[in-house]
Amino acid sequence: MKRTIKKAAVLGSGIMGSRIACHFANIGLEVLLLDIVPPELSAEEKSKGLTLDDGIVRNRLVNSSLQSVIKSKPSPLYHKKRASLITTGNFDDDLEKIKEADWVIEAIVENLDIKKSLFEKVEKFRTPGTLITSNTSGIPISLMMDGRDDDFQKHFCGTHFFNPPRYLRLLEIIPTPKTDPGVIDFLMHYGDLYLGKETVLCKDTPAFIANRIGVYAMMSGMHAVSDFDFSVGEIDKLTGPVIGRAKSATFRTSDLVGLDTTVNVSRNLVQALKHDEGISNFELPEIVKELYDRKWFGDKTKQGFYKKTVDKEGKREILELNLKTFEYEQKKKSKLQILDHTKNVEDLKERLRTAIDLEGPEGDFYRATFYDLFTYSTNRIPEIADELFRIDQAVSAGFAWELGPFETWDAMGTRSIFEKMAVAGKEVAPWVSEMFDAGFESFYKFENGKKHYYDIPSKSYKVVQGTEGLIILDAFKENNVVWKNDGSTLYDIGDGILNLEFHTKMNSIGAEVVEGINTAINMAEKDFQALVIGNEGQNFSAGANLAMLFMYAVDQEFDEIELMIRTFQNTMTRARFSSIPVISAPAGLALGGGCELSLHCDGIQPLAETYIGLVEVGVGLIPGGGGTKEFTLRASDEYINGDPELNTLQEYFMNIATAKVATSAEEARDMRILKPGDQVTLNRSRLLADAKDRALKLVEAGYTQPVPRADIKVQGTTGLAMFAAGITGMNYANYASDHDAKIAHKLSWIMNGGDLSQPTLVSEQYLLDLEREAFLSLCGEPKTLERIQSVLFKGKPLRN
């Protein structure tokens, strides 16, 4: 049957329920969010003379829960206006409204009897044929449908979102033997395409896939701590981004999630996994027992492995727990080999190889924990998944790992690690040695633009299911690289489309990347149809590389700076006025120069989770790569029929002057960084394929090379006077420093076209010249150098 989702009902408004409701609203669904009626009045309600029959009381729990989640940071919503799509109610008065929902998802307390009781009521009102699922994180799915009719059971399964649903990509789909296969196919597709999720088909086993492996890895690391002399902070450095895992790593993750939650999951797994060979690792380590007994659960109790305090000077600081004395201490400055050896290494696979080969305690820790993880993962097939790629997908998406267990093993060297594990006494599942005996040397391989995995039953490689239509750059590296330098690589991704990937630190834009952009456009114009600029990393680009600019500015080499900024402007102009379509595909950070590049492309195909803006003011500069010009041009295009033009210009001005960053693609649309024709991709894995499709559509529509504009309306002295009054007022009121005021005046000068006596039409080049002049003058300011220096030497993202 053809199935569409127009309205969803979420039962339970706790943190997960409310956040799931918000994410449904993110994609434009109407959402009904229900919860219980409060059992008694609050003190405030009593003081107002309210009763349990008043609507405001009956919906108090659901409304307060939703509002608390909406106010939380980071926001669960792409845009605050999405909250209007959520309607609230309670189980007693409003449960019958679920008959209007195409999908009903339960997210109440983790208690089987309470869930079954609610499902009995749901069955009375639910429209036959509609989806009914549970967000349980561990209760067996098959037990929940006892007593329900055939239609309920046919359309019932587990849909386990990870918290927070907007940001963690995993959606585990857990069918029962009675679930209609068509329902599972629909949810796998819908979760991928519309919710932006890595949908992973799971078996109905304890903790499903991600928590089974992820919690095991976390607990394994905590157990290993007792054998080493590392501090809490050192363990988090060892197990964080350096090995491709979340910044919160091990102990900070525990504080964020709540130690009580970790303990409950571990205890439940110990009860459920009587015959699991790794059960000892789910037993609570002594350090966890001690913190649990003290009720130091983390953020929810204001202390855990870390504690936020205020020092004698009133500054906030974070203390870390001494695991021997259980006293809080200032963070220790330690020199870890892995950080020293990999500080300039962007390639994660190279960092992993370095980590596993280290000598001394750090290497011993890595070998102990990785070997343990690898061994445990091999033995979970076919128990929790029939295919190894499902384990990698689930753990990576659920725990924000860049590579799953088998992908990590491949990166380190599949056979060599296998041999070293054997020497260390680790007993992996027999199928691994059978794989080597059959002549296969890795769990994955890339061939003909596709990612293949080793299929255990057939002893052969098969294409990873669900990736058939995706663009995976690793799959093009062997045969489809048409050009590369140290900072960028150009791929032929088929159908006459090139893809330019940056691979500098934070994908910052320096000389190599500028060369790559120009080369890519030249080659595309000669032999191809279009160009996509995008990558598969965490960030599109954090902006221009400031190191060279800083060096020239210190040495007062202003001719070199002028050449640098002119070259950058020319490159952005090249992207705008090429004879082929150029599409940018930003995800993660797209700041400063990364934003300017996107602004000059024919189209932007952003990921929903894109953080984009012109942030140059933060380092004492103005956008010098055409960003200021582009915002002025876009303001001019909005001047229609006597609308308040200065108000429109002021909005664009303030976006630059306050270094405003959109925290989603929807906010970027509000800031007019996105144009009406720009579409948003929800699933990170689909971004490059969507960008390629956008480029092909422009080609098929008959792309025409743009012509430089000479009709940009600027306000001249009228605008300068208004902006000057506002800037001076902000400066006098101490909302803007003297240097900020100087930057703002220069920004105003550009956006108003200088001291023209009346509103005038000017060219793009006219504004670029003003922009370059202002940028150059600010490079000589001591305050600007101080700000750039602070960014460079504090390890913050490099932004132009």
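**Exercise 1. How many bridges join S6 to strand S7 (residues 170-175), and do the strands run parallel or antiparallel?**

Before we start, a word on the model: it is predicted, so local features need pLDDT of at least 70, side-chain atom pairs count only at pLDDT 80 or more, and totals for chains, interfaces and linings use all residues. Residues are numbered from 1 along each chain as its sequence is written, and side-chain values use heavy atoms, with hydrogens and water left out.

*Solution.* 

Step 1. Settle the terms. Helices (H or I, at least four residues) and strands (E, at least two) are DSSP runs, numbered from the N terminus. Two strands pair if DSSP finds at least two bridges between them.

Step 2. Look at the pair. S6 and S7 are joined by five bridges and run antiparallel. Within this pairing, Cys-157 stands opposite Pro-175 in S7.

Step 3. Turn to the other partner. Strand S5 (residues 131-134) runs parallel to S6, with three bridges between them. Ile-132 has Phe-156 as its bridge partner in S6.

Step 4. Follow the chain from S6 to S7. The loop between S6 and S7 holds Pro-164.

**Exercise 2. Which residues lie on each side of S6, and are they buried or exposed?**

*Solution.* 

Step 1. Recall the pattern to expect. In a regular strand the side chains alternate between the two faces of the sheet.

Step 2. Sort the residues. One side carries Phe-156, Gly-158 and His-160, the other Cys-157, Thr-159 and Phe-161, and all are buried. Strand S6 (residues 156-161) therefore counts as mostly covered, with six of its six residues buried.

**Exercise 3. Why is helix H27 (residues 627-637) described as largely enclosed?**

*Solution.* 

Step 1. Count the buried positions. Ten of the eleven residues of H27 are buried, so the rest of the structure largely encloses this helix. Among them are Lys-629, Glu-630 and Arg-634.

Step 2. Find the neighbours. The buried residues of H27 pack (contact means heavy atoms within 4.5 Å) against helix H25 (558-576), helix H26 (593-600), helix H28 (645-657), strand S23 (712-714), helix H32 (738-751) and helix H33 (764-779).

**Exercise 4. Which residues line the largest cavity?**

*Solution.* 

Step 1. Define the space. On a 1 Å grid over the protein atoms alone, a cavity is a set of points where a 1.4 Å probe fits but cannot get out, while a pocket is an open set with protein on both sides within 12 Å along at least five of seven lines; lining residues have an atom within 4 Å of a point. Grid points are joined across faces, edges and corners, and a volume is the space filled by probe spheres set on the points.

Step 2. Find the cavity. The structure holds one cavity of 30 Å³ or more, and the largest cavity has about 40 Å³ of space.

Step 3. Name the lining: Ser-598, Leu-599, Cys-601, Asp-602, Gly-603, Ile-604, Arg-634, Ile-673, Lys-675 and Asp-678. H26 and strand S21 (603-604) are the elements that give two or more residues to this lining.

Step 4. Sort by class. Ala, Val, Leu, Ile, Met, Phe, Trp, Tyr, Cys and Pro count as nonpolar, Asp, Glu, Lys and Arg as charged, and the others, Gly among them, as polar. The cavity lining has four nonpolar, two polar and four charged residues.

**Exercise 5. How many disulfides does a search of the whole structure find?**

*Solution.* 

Step 1. Apply the cut-off, a pair of cysteine sulfur atoms within 2.5 Å. The search finds zero disulfides.

Step 2. Check one cysteine. Cys-601 is in no disulfide, and the nearest cysteine sulfur, that of Cys-595, is 11 Å away. Cys-601 is buried, with a relative accessible area of 5%.

**Exercise 6. Is Phe-326 buried or exposed, at 12% relative accessibility?**

*Solution.* 

Step 1. Phe-326 counts as buried at that value. Its loop runs between strand S10 (316-321) and strand S11 (328-330), and its phi is near 55°, a positive value in a residue other than glycine.

Step 2. Compare Asn-734, in the loop between helix H31 (717-732) and H32. Phi of Asn-734 is near 65°, again a positive value in a residue other than glycine, but Asn-734 counts as exposed at 71% relative accessibility.

Note on methods:
Buried means under 20% relative accessible area, exposed over 50%, partly exposed in between (1.4 Å probe, protein chains only).
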